[in-house]
Amino acid sequence: MGSFVQWLTESMFLWKALIIIVIFAITLAIAAYSTWGERKVAAYIQDRRGPNRAGWGGLLQPLADAGKMFFKEDFIPAQADKWLFILGPCLSMFTALMSSAVVPFGSSFIIGGKEVFVQAIEINIGILYVFGVVSLGVYGVMIGGWASNNKFSLLGAIRAASQNISYELAMGMSIIAILMMSGTLSVREIVLQQHGGNWNIFYQPLGFLIFTICAFAECNRTPFDLPECETELVGGYHTEYSSMKLGFYLFAEYINMFASSAVTACLFFGGYNYPGMDFVERQLISGIGANAGHNVATLIGIGSMFIKILFGIFFFMWVRWTVPRFRYDQLMNLGWKGLIPLAVANLIITAVAILSGYKLVGIWVGLAIMIVLISIVWSLRPKKKNAIMGA
Amino acid sequence: MQLTNRAKKTDKSELSLFERSYLPSLATGLGITIKHFFQAKPTIEYPEQKRYLGPVFRGHHILKRDEEGRERCTACGLCAVACPAEAISMVAQERVKGEEHLYREEKYAAVYEINMLRCIFCGLCEEACPKQAVYLRHDMFVPVFTDRSNVVYGKDQLVEDMTHRYKRDAWTKEDAMKLWK
């Protein structure tokens, strides 16, 4: 027994368990308050006040919404495949929650002479893990839509599948450019390399643009929310869902938003790095001791990470209440004819810039050359004859 | 024929590459929405905040008294006839000796009832009244009721209280226009 207690305290098991539980709780809390935030942002953009009756400023609204969801009738259509119907939302929620496991939310805490990373698991293929889990996410939507035995649900599910497959390609290729620069798949390593204001956004402006657009598509957010397109498909893949199963689908969307904002922050905005962090850490260490100083500096780093994440979530909402939904063919055109060629071009430019030895300058010059080339080709293209316009 | 000068001629020329990239119009749109995000909101949070509804708002009914506190209503029934919703009913009675300080004329309404579920607040009773007895107040709503037994308003709720006399803010259009400034 004594050796077991000793093992518990000496191994990282307890601390890791604590960190995982805290990250899990924070993920759920942020997702819950995203629903409140979404309604507030929507209201403020539309010159309204938004929910403000439940609690101060409507802060208890998520609780009221969840309470309402729980008391709704949990309906399963007679012709639906019962088990798949239940599996759909569970899978959606499960994959959404898993994807933030490899995200480093902060540097590390020094506890009892040991360094504990502020991260659920540190694996050297972090990015691949994120992509694997995110790709699984579409199964939740597909299974739910298929099991509902409803045309609208099925159409929504098919759209979700084709959309996610199309945009995952461009997303993956925009990431490869970053992987070439950093030479590692570990998210923590990528974050560490951006130390000192050396953020990837300055090296990969086009990559960031492509990644953001694809992240919107992967999260099924406007302007790419075709899977649940209300105007055409009633409710899309969750037409037949009610009660907390519907709640799970909606909740999974917000968790996905949180996770993709976290990944974006790590890949392009330096994760928990912030300008002047070395200075702050040195001051803290000289002020309150090595361990305490390091731990407090880590806490500030976590704060900067969460500021970036929250801004990411706000940006998701800001775009949702600005841009109308794409048409389905426009969506496919943008994905296959727009983003994938651009991602390939970005890949080539990055490779050339790395080989040339001038990374930063090389990439910007390469992008400028690419834009010039595209405009030349554009101006040389055969003009379309348009009878109406010509008349 | 030009009705307003807001009409814009649509530009049907082909989009340039920059415009085709969708990004400039996206940025413009984001700018517009963020501007609205920080703008002051025009919302009036009703139960806590109330706005002035003007001197001609048609709210709670009142049966006026004259300057000496005598009821003006003579139970002629013109308001009940004018009422399109048939919300008004009354029972007339003759004034007896010693009631001259209560009723202005020889006949008065012993019962005067308005059914607030039927009333549509059109103000036709006010227009029909030859004695300037019935008015719709501009400063008071009929309160929310939750029980049908509270719906028929009798004289106890309608006749003017002499300690809080009802006075309109403006009687002429000119006075009303001044209030709105």
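Salt bridges to start with. There are four between chain B and chain A. This is a predicted model, by the way. One of the salt bridges joins the side chains of B:Lys41 and A:Asp47, at 3.9 Å from N to O. Polar contacts next. Nine residue pairs make them across this interface, with both partners at pLDDT 80 or more.

Which elements of chain B give two or more residues to the side that touches chain A? They are α1, residues 17-20, and α2, residues 23-38. The top contributor on that side is α2(B), with eight residues. Now sort that side of chain B by class. Nine residues are nonpolar, six are polar and six are charged.

On to the extent of the contact. Chain B puts in 21 residues and chain A puts in 23. The buried area between them is about 2000 Å². Carbon and sulfur atoms give 64% of that area. Three residues stand out on chain B: B:Leu17, B:Phe37 and B:Lys41. They supply 29% of what chain B buries against chain A, more than any other three residues. And B:Lys41 is also the residue in the salt bridge with A:Asp47.

Last item, the surface of chain A. Here we have a nonpolar patch, with about 1100 Å² of accessible area in total. Its members include A:Phe202, A:Tyr358, A:Trp364 and A:Leu380. Where does the largest share come from? From helix α15 of chain A, residues 359-380, which gives nine residues. A:Tyr358 lies in the loop between α14, residues 328-356, and α15.

That's my tour. Over to you.

Conventions
Residues are numbered from 1 along each chain as its sequence is written. Chains are lettered from A and ligands numbered from 1 in the order in which they are written. This is a predicted model: local features need pLDDT of at least 70, side-chain atom pairs count only at pLDDT 80 or more; totals for chains, interfaces and linings use all residues. Side-chain values use heavy atoms; hydrogens and water are left out. Contact means heavy atoms within 4.5 Å. Buried area is the accessible area (1.4 Å probe) that two parts lose on being put together, summed over both. A polar contact is a pair of N or O atoms within 3.5 Å; within protein, one must be able to donate a hydrogen and the other to accept it, and residues adjacent in sequence count only if both atoms are side-chain atoms. Helices (H or I, at least four residues) and strands (E, at least two) are DSSP runs, numbered from the N terminus. Ala, Val, Leu, Ile, Met, Phe, Trp, Tyr, Cys and Pro count as nonpolar, Asp, Glu, Lys and Arg as charged, and the others, Gly among them, as polar. Patches are made of residues with over 30% relative accessible area and no salt bridge: like charges are joined within 9 Å, nonpolar side chains (Val, Leu, Ile, Met, Phe, Trp, Tyr) within 5 Å. Accessible areas come from the Shrake-Rupley method with a 1.4 Å probe; for residues, only the protein chains shown count as cover.
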